[in-house]
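This report describes selected structural features of one protein chain, arranged by theme. The sequence and the structure are shown first.

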Amino acid sequence: MKPEEIHQKWQESNVFTAPEYPETAQKRYVLDMFPYPSAQGLHVGHPEGYTATDIFARYLRMKGKSVLHPMGWDAFGLPAENYAIKTGVHPDTSTHDNINNFRRQIQSLGFSYDWSREVDTSSPEYYRWTQWMFLQMYKHGLAYRKKAKVNWCNTCQTVLANEQVEDGLCERSKDPVVQKDLEQWFFKITDYADQLLNDLDTIDWPERIKLMQRNWIGKKEGVTVAHTVADMDITLNTFSAYAAWLFADTFIVIAPEHPAVAELVKGTEYEKEVMEFVSQMKNRSTAERGDADKEKLGVFTGRYAIDPLNPESRMPIWLANFALMDFGTGVIRCSAHDVRDYEFAQKYQIATREVVSRTETSMPVNAHENSGVLTDSGPFTGCSINAALISEMIDWMVAQGIAERTTTYRLRDWLISRQRYWGAPIPVVYDPEGNIHAVKEEYLPLLLPTDVDYRPKGTSPLGSSESYKALAEKLYGKGWHFEIDTMDTFVCSSWYYLRYCDPNNTKEFASQESLKVWLPVDMYVGGAEHAVLHLLYARFFHKALQDFGLIPKSVGREPFKALRNQGMILGPDHQKMSKSRGNVINPDEVVNQYGADTLRMYEMFMGPFDEVKPWDTASIKGIKKFLDRVSAIVREAVAAGKEKHQLESRGIHALIQGVQRDIEAFRFNTAISKMMIYLNDADFVKDGMYDMHALKKFVAVLSVFAPFTCEELWFEMGESGLVAQAAWPEFDPALAEKAEVTMAVQINGKTRATFVIAKDASQDDAQTQALTLSETKKWTEGKQIKKVIVVPNKIVNVIVA
């Protein structure tokens, strides 16, 4: 059968359509991070994650689970708008042309999505509910508008969230980001900072993703110290998370945008230089200024602060580029025990002192280590720094009136305003006096107008629409006008997992019953680059909507129970794939030459799922040969006629158990290795007699990896139904255990890993499986493998130079 015929049979049987209301205990919600439908179509990085979830979803269905495995489109975004500016093609037209291409490519790879639940964030049926959720946020005090300094990209002519600025550059255009004062809409994500932090302990996510979120939230507990400016009626408050080191502080730096700056230097000889520095910093993004690798810049104000820890001491007050109003109080006590502060002091010849003696290093001891014996620290001189001492010092400072206990966060409210066209309009209307009013729910969706000039002007293209202006006055009266900004596309993607539960509901974003049945998402797969963007925002949405009574409490406080990240696939030159490098691999070409199953299996066999891997065309040929050999053996067995007896080989039991374990652990490369070893051992044939019972089990196991090949073989083996509807083969644990051994992997004689393999497997098979382990690669990467010694059933010793 051709792949198109097999795909047609899947569609006709509705085998991948999720039931509406399955038993909760049997449900499994398996979700991919949905793609932005770019003009370039799928690249080989997309199928990596999609193949993994497809294997997992197919396996769960065969295990009798009711699986929800949907697909949709994160369809709003800047590229479609830029294309419209360049060509005049409306973003809606180009976006849906791209969606049709993506859907064709995805279906050609045999992914078992439930297409009846497809969503498109740019459709009015979808963004009606995005707008409705904005209104819920507004009603509950979590959406607000204020004038604020924002990150601005002159190339994109729009505002960027802090998370969209990388090394001082716009993540899209790669051009410098500057600061600008604008009236903007925000979501109050900071109200959920502690919940977002604490609930990370309740979910099965990679630790590095959890750490990235913890660092982004940036909770710090410490003290706030008030400083009087000498000879002035001004108080500067500083925050420190390292109370044990406060006696070392000798100077203060203040953010250029701090409201006290102008008053500090007014009428002094320092005023001109200081205000010029303030002006320069206005064109620097907070991300650039906070970059530890950037040059430290500053200017002296001519003023001094009185140190509460030593009232006889005067601390010079400087402006510094790294002092930010977004962090702490915008004023920082500085000492030699902070690398950044020390470099600044050295550059500008500011006096410092050290309260912990240096060891062997030429640099002062770093306060972030929070260890050492204190010197010149008042009543705490001679004490060793530890948690108990820090608490005692804070208590003393509070009792002396020197400081107050304080908790701060790095996390800032989510800026959602965008001065672009291709996004969901913000459902807000202004009366003639400029007062804010929520758009009435019966007027949703507030549709994007089509009579716009897309060309960026520093304000939203919606402002150029006469029909948009006319609609506001028709609905509300003369002089009324709609908000012309659109929402950040991350707002649309923060709740799409909810819509999949009930995508055709016209009365609500999803029924309570459907949410109760399907939530939370059991397995979520996507790129690690979304750690502090989409993943944080979706968690915030889930908690807020649940607090509004819109998500059942019974489903828990987290949207995604488990998360797995795929590693990036590099080009054959070991570089990131890009058009400019000419190293992009088109999946259509691979499918046309080798078949969809070969591409699927190759991407799973390249290496551990979560690691970076280079594309290797030579290796893909090996996968093609394996699948061809499977087909040849099955057809040979069918041609030989029915067997006269069952061999009941132990190998098939070990294979089923091993592959099952590997699928559940997302160890797809070792699962494929086990299948290759099983085929090489050929214990399904003896004296020319084939064990069709074992072969059918093998084909069923392989089917979740190579569905097109196995549907065809299943039919040829005389089975009437689809292998996609078959049950996962049973295995006898006793026989499986007897057929397996655990082997150790040694690197230069030291044990670094273990793996399970069929007993008496060949030395080549043992070596192959040992070298595919992520633990092995960790110790051999970048080194020359000089020799591999295999002791059958015991050890694989890898000798590296």
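## Surroundings of Thr-53

Leaving aside neighbours within four places in sequence, Thr-53 is in contact with Val-30, Leu-31, Asp-32, His-69, Tyr-113 and Val-525. The model in which these contacts occur is a predicted one. Thr-53 belongs to helix H2, which covers residues 45-62.

Is Thr-53 buried or exposed? Its relative accessibility is 0%, so Thr-53 counts as buried; the cut-off for that class is under 20% relative accessible area.

## Aromatic pairs and charges over rings

The whole structure holds 52 aromatic pairs. In one of them, Trp-73 and Trp-115 are stacked, with 6.3 Å from centre to centre and 25 degrees between the planes. This pair links distant parts of the chain, 42 residues apart: Trp-73 lies in strand S3 (residues 72-73), while Trp-115 lies in the loop between helix H4 (91-108) and strand S4 (119-120). Trp-73 counts as buried because its relative accessibility is 0%.

Phe-380 and Trp-396 form an edge-to-face pair, with centres 5.5 Å apart and planes at 80 degrees. Here the two partners are separated by 16 residues: Phe-380 is in the loop between helix H11 (339-348) and helix H12 (387-399), and Trp-396 is in helix H12 itself. Phe-380, at a relative accessible area of 4%, is buried, whereas Trp-396, at 25% relative accessibility, counts as partly exposed. A cluster connected by ring pairs comprises Phe-134, Tyr-138, Trp-185, Phe-187, Tyr-192, Trp-414, Phe-490, Tyr-537, Phe-540 and Phe-541. Charged side chains also lie over ring faces: Lys-146 over Phe-186, at 5.2 Å from the ring centre, and Arg-752 over Trp-779, at 3.6 Å from the ring centre.

## Strand S10 and its two partners

Strand S10 (residues 220-228) runs antiparallel to strand S16 (residues 403-408), and six bridges join the two. Within this pairing, Val-223 has Arg-405 of S16 as its bridge partner. S10 also pairs with strand S11 (residues 235-240), again in the antiparallel sense and over six bridges. In S11, Thr-238 stands opposite Val-225.

The hairpin of S10 and S11 has six residues between its strands, and in this hairpin Asp-231 takes a positive phi near 65 degrees. In general, strands of a sheet pair through backbone hydrogen bonds, in either a parallel or an antiparallel arrangement.

## The four-strand open sheet

Four strands form an open sheet in the order S13-S14-S12-S15, with mixed pairing. Which strands stand at the edges? They are strand S13 (298-307) and strand S15 (331-334); each has a single partner strand, so one side of each is left without a neighbour in the sheet. Neighbouring strands of this sheet are turned by 25 degrees against each other on average, direction ignored.

S13 pairs with strand S14 (residues 310-320) in the antiparallel sense, over seven bridges. In this pairing Tyr-304 stands opposite Pro-316 of S14. Helix H9 (residues 271-281) packs on the sheet and touches both S13 and S14, its direction making about 110 degrees with that of S13.

## Backbone features in loops

Where are cis peptide bonds found? One joins Leu-444 and Pro-445, with omega about 0 degrees; Pro-445 is in the loop between strand S20 (436-438) and helix H13 (466-476). Another runs from Leu-519 to Pro-520, with omega near -5 degrees. The loop that holds Pro-520 lies between helix H16 (512-518) and strand S23 (523-526).

Positive phi values also occur in residues other than glycine. Asn-370 has phi near 50 degrees and lies in the loop between H11 and H12. At 25% relative accessibility, Asn-370 counts as partly exposed. His-574 has a positive phi of about 65 degrees and is placed in the loop between strand S25 (569-570) and helix H18 (587-594). With a relative accessible area of 51%, His-574 is exposed, since the exposed class begins over 50%.

Key: Residues numbered from 1 in each chain as written. Predicted model: local features only at pLDDT ≥ 70, side-chain atom pairs only at ≥ 80, totals over all residues. Heavy atoms only, no water. Phe/Tyr/Trp six-rings, centres within 6.5 Å; stacked < 30°, edge-to-face > 60°. Buried < 20%, exposed > 50% of the residue type's maximum accessible area, 1.4 Å probe, protein only. Lys NZ or Arg CZ within 6 Å of the ring centre and 35° of its normal. Contact = heavy atoms within 4.5 Å. Pairing = 2+ DSSP bridges. Axes fitted to C-alpha atoms, helices over the stretch in contact; angles between N-to-C directions.
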